[in-house]
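I opened this notebook to record what I looked up in one structure.

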Amino acid sequence: MHPIVDLRSDTVTKPTPEMRRAMAEAEVGDDVYSEDPTLNRLEERAAEMFGREAAMFVPSGSMANTIAVMTLARRGSEVICEERAHIFSYEMASLSAIAGCAARGVKTEDGLLTWKLVKEAIRPKGRYMAQTGMVSCENTHNVAGGVVLPTEDAEEICDGAHEAGLTVHLDGARIFNAAVALGKSVAEITRKFDSVTFCVSKGLGAPVGSLLLGTAEYIAQARINRKILGGGMRQAGVLAAAGLIALEQSPQRLHEDHENAQVLAQGLAAIPGIRIDPQRVQTNIVVFDVSGTGQTSQQLADQLATHNVKVHAMTPTSIRAVTHCDVDRAGCLRAVAALEQVCAAGVRA
Ligand code: TLP
């Protein structure tokens with residue numbers, strides 16, 4: 001049997017031997033006292049890359065988003081986001097359960113918010129409706145298929161929202177993928193947001209962690225909120241050591257994942273019953289419709305697993321495959337061949 005091709009997510013990557021070595025050798029201290037030199041280095045380097053005053057390491061992207069809402073939005077206020085945004089639909093409602101806000105999901109065809117859509121969703125000032133407090137964007141948009149938010153649209157949202165007295169957060173879990181697709185730096189494409197989060201644990205390949213970025217004042221408050229969540233870590237330098245390698249080295253290779261996603265998308269498009277437009281695949285996420293195969297996404301995913309290919313059944317009719325550093329071109333081609341076989345067998349059955 002072939003080795004496993006795991007396309008469920010770019011979160012599944014294993015630390016490289018260099019990361020493991022750095023983790024073993026990391027100089028550490030107690031981060032709750034801000035005394036972990038490796039973690040401090042990661043935070044400083046991240047802030048520098050994004051042109052921000054400060055950064056804070058958190059265990060996960062979900063915690064980073066929750067802290068952003070806790071820090072930027074008043075309890076009882078509404079947060080405008082795209083309907084399928086991770087912060088709204090994939091974080092166990094922590095936005096409400098923990099940060100005390102309500103999500104106002106905006107429906108879009110392509111996952112991309114615009115200022116026009118955001119503006120229409122802002123509540124009028126009054127005594128009955130929850131008042132809008134914050135806007136949250138996602139770049140790249142995961143569930144919409146890794147689509148990239150154009151920088152002009154992002155900036156228009158930020159300018160409009162600021163003028164309306166709202167704060168704006170960016171869930172940039174995969175912002176380095178967006179930067180590669182846009183051919184711009186992460187600093188350039190995020191500069192107008194009040195707060196930005198990105199994950200070292202996704203396409204960048206580190207085992208654990210995300211960073212939250214903003215002004216020194218914002219991050220000071222965010223540190224308090226991280227502690228409220230029990231997210232103050234101690235000798236977290238062992239994690240930061242891998243994060244530093246991810247941050248310095250991985251952005252240069254993300255274009256390979258995007259190229260592999262294209263190969264995957266084109267292969268999938270040729271399979272009868274599968275619907276996908278490869279031109280809409282901009283980064284490392286490939287979402288495709290399987291309704292024409294006569295099988296549910298879960299049935300297909302289960303059968304693919306018997307061929308040692310793992311994918312994520314996202315909805316009953318759609319599957320998500322994500323490319324990353326632990327899957328090469330041959331692996332992607334093998335996934336296409338396996339799906340072709342599984343679909344053909346389904347037709348015969
Ligand atoms: N996304 C995960 C799953 O939760 C779906 C994945 O496999 O893609 N923002 C975005 C845009 C994300 O895609 C994710 C993770 C997060 C935030 C949360 O990150 P973690 O998993 O570190 O809490």
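The entries below cover a helix pair, salt bridges, selected residues and backbone geometry.

**Entry 1. Model**

I noted at the outset that this is a predicted model.

**Entry 2. Helices α1 and α11**

I began with helix packing. Two packed helices are described by the angle between their axes and the distance between the axes. I looked up helix α1, residues 17-25, and helix α11, residues 237-249; their axes come within 7 Å and cross at roughly 140 degrees. The crossing of α1 and α11 is right-handed.

I then asked which residues of α1 meet α11. From α1 I listed Glu18, Met19, Ala22 and Met23. On the α11 side I listed Val238, Leu239, Ala241, Ala242, Ile245, Ala246 and Gln249. By class, the residues of this contact of α1 with α11 are nine nonpolar, one polar and one charged.

**Entry 3. Threonine 38**

I looked up threonine 38, which is placed in helix α2. Is threonine 38 buried or exposed? Its relative accessibility is 4%, so threonine 38 counts as buried. Leaving aside residues up to four places away in sequence, I found that threonine 38 touches Ala26, Glu27, Gly237, Ala240, Ala241 and Leu244.

**Entry 4. Salt bridges**

Side chains of opposite charge can pair when their charged atoms come close. I asked how many salt bridges the structure holds, and the count is 17.

Arginine 45 is partly exposed, at a relative accessible area of 25%. Glutamate 248 is likewise partly exposed, at 33%. I also recorded a network of salt bridges that links Arg45, Glu48 and Glu248.

Next I turned to lysine 116 and glutamate 120, whose side chains meet in a salt bridge at 3.0 Å, N to O. Both residues lie in helix α6, residues 115-121, and they are four residues apart, about one turn of the helix. Lysine 116 counts as exposed at 58% relative accessibility. Glutamate 120 is exposed too, with a relative accessible area of 53%.

The remaining pair on my list was lysine 184 and glutamate 152, with the closest N and O atoms 3.9 Å apart. Lysine 184 lies in the loop between α8 (175-182) and α9 (186-190), and glutamate 152 lies in helix α7 (residues 151-163), so the pair ties together parts that are 32 residues apart in sequence. Lysine 184 counts as partly exposed at 30% relative accessibility, whereas glutamate 152 counts as exposed at 52%.

**Entry 5. The loop between α4 and α5**

Where does tyrosine 90 lie? I found tyrosine 90 in the loop between α4 (86-89) and α5 (94-97). Tyrosine 90 counts as partly exposed, at 39% relative accessibility. Not counting residues up to four places away in sequence, tyrosine 90 touches Arg84, Ala85 and Val143. I also looked up the separation of the C-alpha atoms of tyrosine 90 and methionine 63: they are 12 Å apart, and the two residues are 27 residues apart along the chain.

Alanine 93 is also placed in the loop between α4 and α5. Alanine 93 is partly exposed, with a relative accessible area of 41%.

**Entry 6. Backbone geometry**

Most residues other than glycine have a negative phi, and most peptide bonds are trans. I therefore noted the exceptions I had come across, with that background in mind.

Alanine 93, from the previous entry, has a positive phi of about 55 degrees although it is not a glycine. Asparagine 308 has a positive phi as well, near 65 degrees. Asparagine 308 is placed in the loop between α13 (297-306) and β10 (309-310). At a relative accessible area of 17%, asparagine 308 is buried.

Which residues does a cis peptide bond join? I recorded asparagine 139 and threonine 140, with omega about 0 degrees. Threonine 140 is found in the loop between β5 (132-138) and α7.

Note on methods
Residues numbered from 1 in each chain as written. Predicted model: local features only at pLDDT ≥ 70, side-chain atom pairs only at ≥ 80, totals over all residues. Heavy atoms only, no water. Axes fitted to C-alpha atoms, helices over the stretch in contact; angles between N-to-C directions. Helix = DSSP H or I, 4+ residues; strand = E, 2+ residues; numbered from the N terminus. Left-handed = near helix turned anticlockwise from the far one by under 90°. Contact = heavy atoms within 4.5 Å. Nonpolar A, V, L, I, M, F, W, Y, C, P; charged D, E, K, R; others polar. Salt bridge = Lys/Arg side-chain N within 4 Å of Asp/Glu carboxyl O. Buried < 20%, exposed > 50% of the residue type's maximum accessible area, 1.4 Å probe, protein only.
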